[in-house]
Amino acid sequence: MELLDISFNYFVILPENGFGILKRLRVLKLNNNEISMLADKALGGLRNLLTIDLSSNKIVALPSELFKDPQSIQEIHLKNNSISVLSPGLFANLVQLQTLDLSINQLTSSWINRSTFKGLIRLVLLDLSSNKI
């Protein structure tokens, strides 16, 4: 399986290695759920993942280890959550990342600095609109 769309459901939590058995997964759509908690290694084992959509959930913070395993990610969609904190180095290993949508969240300038997006050499689209920056 290369695409898994489980959007518009009632998922509340993403457990550690919850999708790890899907080794060939390239696109994971979890938008429009009720997700408020993600385990540190919720994306563990997804080494071929290119796109993840977690838009329109109830996420407040992202675990610092969330993107350590799937370093091939090219698109991350986190629009319309309640994210107020970005851990230092959260995106550090994502050298293939081209699109990062963090619009409509609760981010402030205290969590956005020079090192927040350091190393994202392929980043083409960064959307921080409708935050508290």
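One definition comes before the first stop: a residue is buried under 20% relative accessible area, exposed over 50%, and partly exposed in between, using a 1.4 Å probe and protein chains only. This is a predicted model, in which local features need pLDDT of at least 70 and side-chain atom pairs count only at pLDDT 80 or more, while totals for chains, interfaces and linings use all residues. Residues are numbered from 1 along each chain as its sequence is written, and side-chain values use heavy atoms, leaving out hydrogens and water.

**Stop 1**

Select glutamate 34. Its relative accessibility is 29%, so glutamate 34 counts as partly exposed.

Two terms need their cut-offs here. A salt bridge is a side-chain nitrogen of Lys or Arg within 4 Å of a carboxyl oxygen of Asp or Glu. Helices (H or I, at least four residues) and strands (E, at least two) are DSSP runs, numbered from the N terminus.

How many salt bridges does the structure hold? There are three.

Next, select arginine 24 and glutamate 2. They form another salt bridge, with 3.3 Å between the closest N and O atoms. Arginine 24 is in the loop between β2 and β3 and glutamate 2 in the segment before β1, so this pair ties together parts that are 22 residues apart in sequence. Arginine 24 counts as exposed because its relative accessibility is 55%. Glutamate 2 has 41%, so it counts as partly exposed.

Then select aspartate 69 and arginine 47. Their side chains meet in a salt bridge at 2.9 Å, N to O. Aspartate 69 lies in the loop between β5 and β6, and arginine 47 in the loop between β4 and β5, 22 residues apart. Arginine 47 is exposed, because its relative accessible area is 57%.

**Stop 2: the sheet**

Switch to a cartoon view. Six strands make an open sheet in the order β1-β3-β5-β6-β7-β8, with parallel pairing. Two strands pair if DSSP finds at least two bridges between them. Why is one side of β1 and of β8 left without a neighbour in the sheet? Both β1 and β8 (125-127) stand at the edges, each with a single partner strand, so one side of each has no neighbour there. On average, neighbouring strands of this sheet are turned by 5° against each other, direction ignored. For that angle, axes are lines fitted to C-alpha atoms, for helices over the stretch in contact, and angles run from 0 to 180 degrees between N-to-C directions.

Zoom in on β7 (residues 99-101). Three bridges join β7 to β8, and the two run parallel. Select leucine 100: its bridge partner in β8 is leucine 126.

**Stop 3: the aromatic rings**

Select Phe67, Phe91 and Phe117. Ring pairs link these residues into a cluster. Rings of Phe, Tyr and Trp (its six-membered ring) pair if their centres lie within 6.5 Å; planes under 30 degrees apart count as stacked, over 60 as edge-to-face and the rest as tilted.

The structure holds two aromatic pairs. Phenylalanine 67 and phenylalanine 91 are stacked, at 5.9 Å centre to centre and 25° between the planes. Are phenylalanine 67 and phenylalanine 91 buried or exposed? Both are buried. The rings of phenylalanine 91 and phenylalanine 117 have centres 6.2 Å apart and planes at 15°, so this pair is stacked. Phenylalanine 91 lies in the loop between β6 and β7, and phenylalanine 117 in the loop between β7 and β8, 26 residues apart.

**Stop 4: positive phi**

Most residues other than glycine have a negative phi. Select asparagine 17, in the loop between β2 and β3 (27-29). Asparagine 17 has a positive phi of about 55° although it is not a glycine. Finish at serine 130, in the segment after β8. Its phi is positive too, near 60°. Serine 130 counts as exposed because its relative accessibility is 54%.
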